[in-house]
Amino acid sequence: MAFTEQYDVAVVGAGHAGCEAAMAAARMGLRTALITMNLDLIAQMSCNPAVGGVAKGHLVREVDALGGIMGEVADAVAIQFRLLNTSRGPAVWSPRAQCDKQLYRVKMREVLEAQPGLHIRQAEAVDLVLEDAGHLGIEDASQVSEARSFDELRTSSGAPRRLRRVLGLKLRDGRRLIAGATIITTGTFLNGLIHCGEERYPAGRSGEPASVLLGEALRRLGLRTCRLKTGTPPRLDGRTIKWDAFEEQPGDAEPTPFSFRTKKIVQPQISCHIAFTTPETLRLIRENVHRSAMYSGQIEGIGPRYCPSIEDKVVKFPDKTQHQFFLEPEGLNTHEVYINGMSTSLPMEVQWQIVRSIPGLDEAEMLRPGYAIEYDSVDATELERSLRVKCMEGLYLAGQINGTSGYEEAACQGIMAGINAALYLKGEAPFTMDRTEGYTGILIDDLISKGTNEPYRMFTSRAEFRLHLRIDNADRRLTPYGRRLGLINDEAWSEYEEKQARMTALKNLLTKCKVDAEALRAVELGEIGGTAGLTWAQLLKRPEVTIEPVLAAMREELERNPLLAELGRIEKDPAVRRAQLRNEARAVETEIKFAGYLEQQKKAIEKLKAAESVSIPEWIDYGAISGLSREMREKLERVRPGTIGQASRIPGVTPAALSLVHVSIRVQGARRGQSAGRVQSNRPPATKVG
């Protein structure tokens, strides 16, 4: 008889999605198992040893605001911090941190192991344990034929039927792990295949086996899948690099942490360096591009549009004479250096020649070659907004399995899946985020409404309301949710409330206090004219005026207010605290300076919410809607949108089609009501007992 373990939630995969999912479920009071094939590689940074970046930093802030752990772990092990896009508006400012790759794994495991109710197990999941609702029995997914599964799980129109419930996992060592909810976060491991030039071999990532059996089990369930591809660059021995040949790129003097709860930066800070290709580099790539797995036809999967390989850059931008790289150390206790921007699947000997064609790298030794990896992903239109598979009870997917690319995109899905798995078991409604509440909501909405045929990467340009979705207000948007869900502890909540009170007090002071001309001259703003009778808030609306000199000019008023006294003596605080206080003040400045634009966005948000409030019932029959074209029916049947708002974002769905759907909800609903009434009237009268 198979050995069986019992948990509330089982999470497969201890990457960035799996860690957040497991932590969220455990913090919400559920007994949680985190299954990984290698305990020593929890939260492994398979590619770039960095967290954040443009829009990605927004996602990390949102995960942190909800009560996730990626931001805190990154802050604890980061060896360089940079706030990106500061030359542009505050809507697109994004934090980024270069991390110590080994320390990140160690710190994440330390955090996970300290969480009560979270049990980490080294094992390989090879199958799902299913309850067959039609026969009320238990079976493995391996006992389900693909045809039978597809027919049973979908109606003839393609609408999902919930005939099965996932009861847990079967492990390779013979154990059964029974759980009320199962979350799959397998990254690139599902039928992973590595390519390096003409060589190819099965792997989840370099040096680790692929998850073949679990991939087959998911495919047998009838879920639509596709092959995607990503890649990684070669790594160099830093001792063989001539660092003086490259431009130094230091971090920020005052680091901007990811976590709202970080008090100090503990790691020594380092510099990265900037390199460029040469004409010889481009020649080598052009002459050997036919040997790249991407261009030889060896790879079936579609690669990331916005993180292309060096071959892609040279082929797709033939007029560009130079491409930029970043030399990024992988840690404080290693000489390994990551070449950001040189992802490749060219043969190893060609990679070696390319590296050595760059001055300063002419004697560099390559520690690991770059490679491409293709893997299975599930069509995310198979998912509900909660990240639960539509046609299966108790099964959730998060991370690269849903077609995304990047640690941060995985982490935000992980915490949402963990939250919703916990709520499902508690019998509570799912927690979802719409496009007006966060980049996390945008990412999930894009995936479930449109799907993706290439690895999905988050950008600020995907947000309709990016001035409203800034990094500085992620806590104000999401921390109250995290508190209600049980992910924000008392200490963190108290700090959040203090911060909000401080920002409110500062805004009130700026709005009430009049500009002092003498104080303006003292902070070198005396040349600004027309200030008589203005408040400091009115002065801040001018584009040439920023909050820092205004705070200096208001020092006496600030120090008289107990809530704001620290802002009056900000220069005396440690670097991290200075950065936090400055960012709070800049958030208030943004609210004042862009008040008109924010009000416009607020009105647009209300319109979008009105569309989202019109639900499309699960019973809607698109085939019965007169006037709806076959193309529209196919698109709507494929996604089965939950609201009119979601339907409007399905590519190709027209306003005319939306109008027909809107009317049909009422018409078909009335018919269902009449049918239910006729059935009720035809029932025989109840028989009295006794």
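**The enclosed spaces and their surroundings**

Mentor: The count comes to five cavities of 30 Å³ or more, a cavity being a set of points on a 1 Å grid over the protein atoms alone where a 1.4 Å probe fits but cannot get out. Their volumes are the space filled by probe spheres set on the points, which are joined across faces, edges and corners. The model is a predicted one, in which local features need pLDDT of at least 70 and side-chain atom pairs pLDDT 80 or more, while totals for chains, interfaces and linings use all residues. Residues are numbered from 1 along each chain as its sequence is written, and side-chain values use heavy atoms, with hydrogens and water left out.

The largest cavity has a volume of about 60 Å³. Its lining, meaning residues with an atom within 4 Å of a point, consists of Arg61, Leu83, Trp93, Thr256, Ile471, Asp472, Asn583 and Arg586. By class, this lining holds three nonpolar, two polar and three charged residues; Ala, Val, Leu, Ile, Met, Phe, Trp, Tyr, Cys and Pro count as nonpolar, Asp, Glu, Lys and Arg as charged, and the others, Gly among them, as polar.

Asp472, one of the residues lining the largest cavity, is also touched by Lys499. Lys499 belongs to helix 13, which covers residues 490-512; helices (H or I, at least four residues) and strands (E, at least two) are DSSP runs numbered from the N terminus. With a relative accessibility of 10%, Lys499 counts as buried, the classes being buried under 20% relative accessible area, exposed over 50% and partly exposed in between (1.4 Å probe, protein chains only).

Leu83 also lines the largest cavity, and Asn85 lies in the loop between strand 4 (78-84) and strand 5 (94-99). Asn85 is not a glycine, yet has a positive phi of about 65 degrees. At 22% relative accessibility, Asn85 is partly exposed.

The second largest cavity has a volume of about 40 Å³. Leu190, Gly215, Leu218, Arg219, Thr225, Asp376, Ser377 and Val378 line the second largest cavity, and they divide into three nonpolar, three polar and two charged. Helix 6 and strand 20 (371-378) each give at least two residues to this lining.

Glu208 sits in the loop between strand 12 (199-202) and helix 6 (212-220). Glu208 is buried at a relative accessible area of 12%, and touches Leu41, Phe189 and Ala203, not counting residues up to four places away in sequence. From C-alpha to C-alpha, Glu208 and Gln249 are 33 Å apart in space and 41 residues apart in sequence. Leu387 occupies the loop between strand 20 and strand 21 (392-393). Leu387 is buried, with a relative accessible area of 1%, and its phi is near 75 degrees, a positive value in a residue other than glycine.

In helix 21 (residues 630-639), the buried residues are Met632, Leu636, Glu637 and Val639. Just after helix 21, Arg640 takes a positive phi of about 50 degrees.

These parts belong to a protein chain with 23 helices and 22 strands. Its radius of gyration is 27 Å over C-alpha atoms, close to the 26 Å that the globule rule gives for 690 residues, so the chain is as compact as a globular protein of that length; the rule is 2.2 Å times the number of residues to the power 0.38. The C-alpha trace spans about 90 × 70 × 50 Å along its principal axes. Of the 690 residues, 58% are buried. Among contacts with a separation of 6 or more, 74% join residues 24 or more positions apart. The accessible surface, computed by the Shrake-Rupley method with a 1.4 Å probe, comes to about 29000 Å², and 51% of it belongs to carbon and sulfur atoms.

Note on methods: Contact = heavy atoms within 4.5 Å. 1 Å grid on protein atoms, 1.4 Å probe; cavity = no way out; pocket = protein on both sides within 12 Å on 5 of 7 lines; lining within 4 Å.
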